[in-house]
Amino acid sequence: MSILAIDTVGSGSSIAIVDHDGKCLVEHNSTSNSHAESFFQILDTLFSKHTYNYNKIDYLVVVVGPGSFTGIRVGISAAKGINLAINKPLYGVSALEVQAYAISLLCANSKKNIRAIIKNVKGFYTQLFDFSLLPLSHPTVALDISGSQCPDTGTTNNNCITYMDCNLSALNASHAGLLAQYKLENKQKFGEVEALYLNEPQYMKLL
């Protein structure tokens, strides 16, 4: 299978192809908050550099949040537009799922639950997964993660693996593509392609 993956929920954007042989091809733009301006430039560079086109794509996946409000909208809108044009299956994954998947690769010998934690200016996004990446809690916002318990479980942090327990590198769209490949191969259910906002933008609260 060949998967086109889109991740625009951070300050920068990345687009990746997970090829039929599992090879990851990725392009990104680290310029902060330029998602709309740079998206199709990144995509064109990715396709041109690797002699790829839409006809070679079997699946689409987009990271739906949590993260940058503008980035989430740009990524989902672009993914839906591409889906409309090429009529390939489109799936949504969360940034928390992507982190949990990356942790599971680095801690492959452990069978502990995985606690995904993403820093936010107002606190932390967090969610608990079992080691097969099935969710054990809903994604939530936490003001503090220094407590002795994993959210929604009552279990101590010693029973959970987090990014602090492994040398987790910066994540990009290739991780979302590999997660989608894992979920397809293991027949796991995907989330909806709907924005995951855990903190409403300030101007929406004024409406």
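Predicted model: local features only at pLDDT ≥ 70, side-chain atom pairs only at ≥ 80, totals over all residues.
Helices here are DSSP runs of H or I with at least four residues, numbered from the N terminus.

- Five strands form an open sheet in the order β3-β2-β1-β4-β5, and the pairing is mixed.
- At the edges sit β3 (24-29) and β5 (90-93), each of which pairs on one side only.
- From one strand to the next, the twist averages 15°.
- Strands β1 (residues 3-7) and β4 (residues 59-63) run parallel and are joined by four bridges.
- If you want a residue pair to click on, Ile3 has Tyr59 as its bridge partner in β4.
- Helix α2 (residues 69-86) packs on the sheet and touches β1, β4 and β5. The direction of α2 makes about 170° with that of β4.

**Helices α3 and α4**

- Two packed helices are described by the angle between their axes and the distance between the axes.
- For α3 (residues 95-106) and α4 (residues 173-185), the axes come within 9 Å and cross at roughly 80°.
- That angle falls in the 65 to 115 degree range, so α3 and α4 count as roughly perpendicular to each other.
- On the α3 side, the contact is made by Glu97, Val98, Tyr101 and Ala102. The α4 side brings His175, Ala176, Leu178, Leu179, Tyr182 and Lys183.
- Sorted by type, the residues of this contact are seven nonpolar, one polar and two charged.

- Gln188 has 14% relative accessibility, so it counts as buried; the cut-off for that is under 20%.
- The Gln188 side chain reaches the backbone oxygen of Ser132 at 2.8 Å.
- Leaving aside residues up to four places away in sequence, Gln188 touches Ser132, Leu133, Leu134, Tyr182 and Lys183. Tyr182 and Lys183 also turn up in the contact of α4 with α3.

- You'll find Ser34 in the loop between β3 and α1 (35-49).
- Ser34 is buried too, with a relative accessible area of 12%.
- Again leaving out residues up to four places away in sequence, Ser34 touches Ser11 and Asn29.
- Ser34 and Thr8 are 26 residues apart in sequence, and their C-alpha atoms are 9.6 Å apart in space.

Key
Residues numbered from 1 in each chain as written. Heavy atoms only, no water. Axes fitted to C-alpha atoms, helices over the stretch in contact; angles between N-to-C directions. Helix = DSSP H or I, 4+ residues; strand = E, 2+ residues; numbered from the N terminus. Parallel < 35°, antiparallel > 145°, perpendicular 65-115°, else oblique. Contact = heavy atoms within 4.5 Å. Nonpolar A, V, L, I, M, F, W, Y, C, P; charged D, E, K, R; others polar. Pairing = 2+ DSSP bridges. Buried < 20%, exposed > 50% of the residue type's maximum accessible area, 1.4 Å probe, protein only. Polar contact = N/O pair within 3.5 Å; in protein donor to acceptor, adjacent residues only side chain to side chain.
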